[in-house]
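Okay, thanks everyone, this will be quick. Let me put the thing on the screen and then we'll walk through it.

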Amino acid sequence: MTSRELARVRGEYEFLLVGYVVMPEHVHLLISEPRKGTPSTVLQMLKQRVSKKLRKRHREIFVGQLRLVFPEPVDNIRSFWQARIYDFNVYTNRKKREKLEYMHCNPLTRGLVNHPKDWPWSSWSFYALGKPGLVGIDVVPE
């Protein structure tokens, strides 16, 4: 679900997607400046769309999709995503690699997996194995 919405928002706001990791309550994105809107707008749209769809009672579950169960009633949940946003301008290839490593290790650091390869909701497979993940990555030359 999140990967589908990320692809949709990416098309609407016209930004390059360099890397991503979707966590249970937050998302890491390494993106270019969008042609439409701002990075904050991109995140706002992504978060709103995903949380709306995941809060629906009867929803389709896809193979490999992270299943999140909400207590009843779902209308009383304060928030789905973490509220804060941290943005950081990346100007060098070294900093790009540093940010990608941090993002891809986040599921491991949180104890959700034993290795980043075990977390399918990220761009790790693209960078480590050259294989496409759930969302295509835009190659930015070094």
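So, surface to start with: the chain exposes about 9200 Å², and carbon and sulfur atoms supply 53% of that (Shrake-Rupley, 1.4 Å probe; for residues, only the protein chains shown count as cover). Keep in mind that this is a predicted model, where local features need pLDDT of at least 70, side-chain atom pairs count only at pLDDT 80 or more, and totals for chains, interfaces and linings use all residues. Numbering starts from 1 along each chain as its sequence is written, and side-chain values use heavy atoms, with hydrogens and water left out.

The layout, from the N terminus on, is α-β-β-α-α-α, with helices (H or I, at least four residues) and strands (E, at least two) taken as DSSP runs numbered from the N terminus.

Of the 142 residues, 38% are buried, meaning under 20% relative accessible area with a 1.4 Å probe, protein chains only.

Now α1. Its buried residues are Thr 2, Ser 3, Glu 5, Leu 6, Val 9, Arg 10 and Tyr 13. They sit on the same side of α1, because they cover an arc of only 160° around the axis, going by directions from the helix axis to the C-beta atoms.

What does Leu 6 touch, leaving out residues up to four places away in sequence? Phe 15, Leu 17, Tyr 20, Leu 29, Leu 46 and Val 135, where a contact is heavy atoms within 4.5 Å.

Terms used
Buried means under 20% relative accessible area, exposed over 50%, partly exposed in between (1.4 Å probe, protein chains only).
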